[in-house]
Amino acid sequence: MEAKTASRPRTDVQTAPPRRTDSVVRLPPGPRTPVLVQTRQYVRDPFTFLERAQARYADGGSVTINILGFGRTVWVTDPELIKEVFARDDEMPLSPAGNLVKPIFGTKSVTGLDGRPHLERRKLLLPRFHGERMGAFEAGFRGACERMIERWEPGSEFELHPEMYRLTMDYLFETLIGTTDRDYVDQLTSASEGLMAMMSLCAVGDWVRHDLGPLSPWFYFLRRRRRLDKLLYGEIAAHRKAVAEGTAGDDVLTMLIEAETEDGSKLTDEEIRDDLVALIVAGSETTATALAWTFDLVLHRPGSVFRIAAEAEIGESAYTDAVIKESLRLRPPVIAAGRVTAKTVDLGPWTLPPDVRVWTPMSLIQRDPEAYENPNEFRPERFLEGKPPAYMWIPFGGGVRRCLGAPFALLEMRVVLQTVLSRLDLNPLSSAVERTRAEGAIIVPNKGVRVRYEGPRSAKPREGHPLDELLKTAATTEAVAETQPQDA
């Protein structure tokens, strides 16, 4: 990794002034424009808004921004402060997205829990998405990808983002509840998608969360939630019966029903429902968005397409994995990770009161010019040359709340990229990578990544190693592409 040597002003927490003993609040500086103005700018183009706020107002790598539904939020980009945010669980134990997602996830999911209950639930779920099970997941991802490809017609134009969403949902429900019934998967997908489409409403704040009849948005939110809950509670009841009869399958829902907590008790239906919804959202929306961004970046750099296809031919993945990491660096699907202060907290030179959200904005942190040479350039090779500095690549968050499905998502992205790009000829319909737009906590491509499916990739017999011709072609194409800027 090409870390730069030039220094920039940082908050050195090792030599910072002693911790304050009073309760005087001292927040980082930030824009003074009204909250509605800042919220509108954030929603329209979050990356650009944060970059401008950081450039104009940040002091010691920190800036305060006022966003509707969240109040005053502190955004930190200094690696030493990021480390503190992830490490000081006694002072900042809560997830900053808690109030946003609890109407959807509930209060008893692994995402909604904090402190020791959160850690206990992670222990139950973590083995399901790691280790030996990953081999079985790979076959499932490939099957779902092949079903998606069969739906596409040569010459058709479509948006990749919704296609990636349907793809992730296709196999996710097989993993979660063991169903392979495509019609039933479509019902579950439709119900899940309908609820998640209203996530932005949850971000507005508590004042909107009142059912005032058909004229109120919350009426429709609750109706959509009840639709999904009816399906999930039905599955929980059916799985409990199967467990009792000894006919249960090997899926996440069965595991949750059979699991015992540290005190020997079983999870309630509500706890299981909340975990299922959290896993549906985490396993579909973020991964689908990450895939859409990756395709957008790769299709604007043809040399990368050739190299990914070449690796797929010989069963390798080093470059494909580097592409995924570089895409997650430039276009993380979640704007930030972080914590909420539980009491008055000293963070570097700042003194934060209780209930302040402290965010670590990935889009800024992962474009730090001290950590990455030419940070706005899409260059996967940087991840073949070494690892980024600590706390400067955090698309899955950090600390005890790091995304437990990270290996699951990374494997799915690798399989999908290699399967699609080795078999199909796709061309982007935009001249450049799309700008960002906020949908709740997810940062999506503004126009959905529109592409044209030209048809199957031509497979010509050739002598020698499968990589030889493809890499030669890739190098030529790359040389042409590099004459035009491809900053993301």
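1. Gly 315 follows helix α13 and has a positive phi, near 75°. Helices here are DSSP runs of H or I of at least four residues, strands are E runs of at least two, and both are numbered from the N terminus. The model is predicted: local features need pLDDT of at least 70, side-chain atom pairs count only at pLDDT 80 or more, and totals for chains, interfaces and linings use all residues. Residues are numbered from 1 along each chain as its sequence is written, and side-chain values use heavy atoms, with hydrogens and water left out.

2. Helix α13 covers residues 302-314; its 13 residues should span 18 Å at 1.5 Å a residue, and the end C-alpha atoms, 19 Å apart, agree. The expected span is 1.5 Å times one less than the number of residues. Its buried residues include Val 305, Phe 306 and Ile 308. Buried means under 20% relative accessible area, exposed over 50%, partly exposed in between (1.4 Å probe, protein chains only).

3. Strand β4 (residues 336-340) is largely enclosed by the rest of the structure, because 5 of its 5 residues are buried. β4 pairs with β7 (residues 357-361) in the antiparallel sense, over 5 bridges. Pairing takes at least two DSSP bridges. Ala 337 stands opposite Thr 360.

4. Phe 383 and Trp 393 form an edge-to-face pair, 6.1 Å centre to centre with 65° between the planes. Rings of Phe, Tyr and Trp (its six-membered ring) pair if their centres lie within 6.5 Å; planes under 30 degrees apart count as stacked, over 60 as edge-to-face, the rest as tilted. Both residues, Phe 383 and Trp 393, are buried.
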